[in-house]
Amino acid sequence: MSNINFYLLEYAKNYILRHKNKNIFIVIVFTLLVALLCTLFFVSTTVEYEMESRLENQPDIVVQNYKAGRLSTIKSGMVDKLLEIDGVSWATQRVYGKYRFSKEGASLNLVGVDPFEEQENPFIAKLLEKNQLNENDIFVSQHVKELMHKAYYDDYFNFIKPDGKLLRLNIAKSFDVGDRKYLEDLVLVNKDKLREIFGYKADEGSDIALGVANKNELAFIRTKIALMLPNAKVTSKDDLKVAYKNLFNYDSGVFLSVFIVAIFTFFIIIYDKANGLSSEEKREIGILKAVGWRVEDVLHAKFYEAFIISFFSFFVGFLLAFIYVFVLKAPYIGDIFMHDQLFDIKNFNLNVHLEFSYILLIFLLSVPVYIAATLIPSWRVATLDADEVMR
Amino acid sequence: MRLFSLFLLSTLLLAVEIFAYPNYSDAIKEKKIYPLGKNIYEKRCSSIKPSNYNTFSALEDAIKNDAHCKKLQTKYQEALALYLWEKVRITKKDKKYPEIVVTHKDKCPVCGMFLYKYPRWVSMIEYSNGKKLYFDGLKDLFKYYFEDPKDIKGLFTRDYYTQETIALKDAYFVLGSDVYGPMGNELIAFKDKKSAQNFFFDHRGKKIVNFKEITKSMVYKLDE
């Protein structure tokens, strides 16, 4: 702290204010550039992070049954067959699906819950730990409760079965899904009742989820099941990861090209600045030298000037990007990541997730480069004799 | 005549008993029925004491007549009965060993590699003086073990399939399979012979051995 020369700092401040037009222009360009780069990195790292955390909650392997090339139901007897495979640590038949609530034009996300089986979804497991779901009860999210309330369903809800008959279930509890936007339409129903709603037979389910204790064995078990059940589609967590990654890498490629263009533009501006000082600036340095400043004093003042401009711009740009991405939810630029079900930004919620390394990268690419581009030409002029400069 | 009828009756009884007893494989019981039964027992039917009943059917009847469990579906009642009969009543428990935990500083004393990167392969020698050494695979563990086999309290590793900690003296090992550890060819450990055999066929193993059969030359041959 004691090394800061406040007289020189004041000189630098006054210098910036004296050349207002030029410096304001630099600050605007600099700020926008940092804001753009920060936005790109914020969106991409946040989406990637969220994607990974969602994958974390997926079961290791999902087995779906296909009939005539179309998705069909799977029998519960298959669970026992799959449990016989070594390395499979658990397997459950899941019953879930969409239910059209036509009155409100909404699509409810019904998930079947067995009262005694372990829940593979951690959110649902936590919910059921505290509350028991009885056979004739349903648990609904706040959002669904409001929807049902609009149709005057407060205590119970009538599901329409495929044969046209009604099934009345009590709305026992509503829960808050917090920032997990994708669970907004969730309704928990007893598994057997849900089979009735969907028109499944008693032993039918939507798919089978498996857990594998040793992740090294995942690919092998996946192929083993695929060979065992020729009609089934077997998706492992690794497959999902690869699919997501491919899409994500494509998007990142788009981002990267924007990034390169932006960086290039910045360097052109820097090059222009580094190439020489205006005669007015040269004369100013010459006068300073004539007044008795040493070379290091001139550079000191120039350093302060460049540091103030670049750091201020960086900070404002960072703040702008932060607000744009995490408060405004990245309109327009975020749309690059729109892929129907996979990365729906509106569905993603963009929780604040910053990766320090990227921020450091942007900082190092902009601030020190700008400072160098200011110092080097000043130093060139400052080393000359005062009379030579002012001539 | 009386003796004959007695014989007939007893066979009939036995037959009824056999058919009444649900027949599932061990894998299904371990992975599905016992956890389900345990949940039911803890959530709904903890009032039943399995030690009070002498036969399985008596236990089943008791469950069917119990005030809390009466309404349960048959599949739940069956799971509960099996869990109580085979897990709770029999006090003999499988020996469980604590998980082998390594820190970010621990290195394998044979190859010098950091262990936290390969948690699935971490194995341990525990000496009687309390000293514990960790290795990134059984091959390195055995190399060390054959140099210094004295005063050893226990040798532990993870079962390949279930990832639970097992003692090497009860384990079975598959050599020459197509599964590689951090140090290349490995001995892959299993808690029972059946899973070792399944692995042997699935992953083209060359040999199944138990702890006593492992020799120094066998371990060093894996490096070739």
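The radius of gyration used here is taken over C-alpha atoms, and the globule rule set beside it is 2.2 Å times the number of residues to the power 0.38. The model is predicted. By that rule, a compact globule of 391 residues would have a radius of gyration near 21 Å, whereas chain A has 31 Å.

**Overall form of chain A**

Along the principal axes, the C-alpha atoms of chain A fill a box of roughly 100 × 50 × 40 Å. The domain assignment of chain A gives two parts: domain 1 comprises 6–55 + 243–390, and domain 2 comprises 61–235. The centres of domain 1 and domain 2 of chain A, taken over C-alpha atoms, are separated by 50 Å.

Chain A contains 13 helices and 13 strands. Of its 391 residues, 32% count as buried. Among the contacts in chain A with a separation of 6 or more, 78% join residues 24 or more positions apart.

In soluble globular proteins, nonpolar side chains tend to be buried together. The largest nonpolar core of this model has 38 residues, of which A:Val34, A:Leu37, A:Cys38, A:Phe42, A:Val43, A:Ala321 and A:Val325 touch the most other members. At least two residues of this core are supplied by each of α1 (6–18), α2 (20–56), α10 (295–327) and α12 (356–382) of chain A. The largest share, 14 residues, comes from α2(A).

**Interface between the chains**

Contact between the chains involves 21 residues of chain B and 14 residues of chain A. On the side of chain B that touches chain A, two or more residues are given by α2 (26–43) and by α6 (193–202) of chain B. The largest share of that side, 9 residues, belongs to α2(B). By residue class, the side of chain B that touches chain A divides into 10 nonpolar, 6 polar and 5 charged residues.

**Confidence**

The model scores ipTM 0.80 and pTM 0.75. For chain B the mean pLDDT is 85, and 94% of the residues of chain B reach 70 or more. Among the elements of chain B, the lowest mean pLDDT, 67, is that of helix α1 (residues 2–20), and the highest, 93, is that of strand β5 (residues 172–175). Where pLDDT is low, the predicted coordinates should not be read in detail.

Most residues other than glycine have a negative phi.

B:Asp151 has 9 other C-beta atoms within 10 Å, so B:Asp151 is exposed.

Conventions:
Residues numbered from 1 in each chain as written. Chains lettered and ligands numbered in written order. Predicted model: local features only at pLDDT ≥ 70, side-chain atom pairs only at ≥ 80, totals over all residues. Core = buried A, V, L, I, M, F, W, Y, C linked by C-beta atoms within 7 Å. Buried ≥ 20, exposed ≤ 12 C-beta atoms within 10 Å, placed from the backbone. Helix = DSSP H or I, 4+ residues; strand = E, 2+ residues; numbered from the N terminus. Domains from an automatic or database assignment. Contact = placed C-beta atoms within 7 Å. Nonpolar A, V, L, I, M, F, W, Y, C, P; charged D, E, K, R; others polar. pLDDT = per-residue confidence, 0-100.
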